[in-house]
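This report describes the structure shown below. It covers the core, a central strand pairing and an annotated site.

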Amino acid sequence: MAGKVTLYVTRHGKTMLNTTERVQGWADSPLTEEGVLVAEQLGRGLANTKFEALYTSDRGRTLETADIVMRHGAFELPANQLKGLREFGFGKFEGEYNLFMWETVSKMHGFDSVEAFFEVHKHDAPRVMIDAVADMDETGMAENWDIFTERLLQSLDLICSEQTDGNVLVICHGMVINILLSLLDPTRVDGPIENASVTKISYENGKYTVESANDMQYVARGVVKN
């Protein structure tokens, strides 16, 4: 009989494109010094947690984070790469400035500023943005809301079908985590997901429960005090 699976879902360390405020979905960039440091701290903070398995997206920044976390947490697991855990695919907006993308989406919906857009779309801004990006992407590479959310939920279901008990470390992306929260427990959505934060999602008796979100306590535990 299956037991309780607890997913420790964490965002990768800070990257070069994060630092320069550019759109980073399927595009990739390496961790910065700050990103490496926070991954090291996360690893040390998770050192006393026993994990049965490790899953990552197939992007280099999550694999780099996973390697650092394991080395500093003194554990080793094979990384099960899931394409379904990739960040949202922004199509032609990949590598553009974040602000440019949001300004373009706002204008498409008839707003003269990003602030005005968010005043109206306080609770559904990610969904509106995702579908707007898909509509404006002539390359056909951008995903829409239905495609994106379906692959995220399928990825969770796959992990919980393969791992039927214990703790599982999942290293993925900021928007992935925020959208999962909006799907599983919208009350937990509260601003951007921090790099190396941990969101705990449990699965038991066919039901997902968000136990904590955007938690930096593990990083704090791993800070080396001089």
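Which residues of the largest nonpolar core touch the most other members?

## Basis

This is a predicted model, in which local features need pLDDT of at least 70, side-chain atom pairs count only at pLDDT 80 or more, and totals for chains, interfaces and linings use all residues. Residues are numbered from 1 along each chain as its sequence is written, and side-chain values use heavy atoms, without hydrogens and water.

## Core

Leu 7, Met 129 and Val 170 touch the most other members of the largest nonpolar core, which has 45 residues. Such a core is a set of buried Ala, Val, Leu, Ile, Met, Phe, Trp, Tyr and Cys residues joined through side-chain atoms within 4.5 Å; buried means under 20% relative accessible area, with a 1.4 Å probe and protein chains only. Helix H6 (residues 125–136) gives the most to this core, seven residues.

## Strand S4

Six of the seven residues of strand S4 (residues 166–172) are buried, so the strand is largely enclosed by the rest of the structure. Strands are DSSP runs of E with at least two residues, and helices are runs of H or I with at least four.

## Arg 11

Arg 11 lies in strand S1 and is buried, with a relative accessible area of 16%. A polar atom of the Arg 11 side chain lies 2.8 Å from the backbone oxygen of Ile 193.

How values were computed:
Buried means under 20% relative accessible area, exposed over 50%, partly exposed in between (1.4 Å probe, protein chains only). A polar contact is a pair of N or O atoms within 3.5 Å; within protein, one must be able to donate a hydrogen and the other to accept it, and residues adjacent in sequence count only if both atoms are side-chain atoms.
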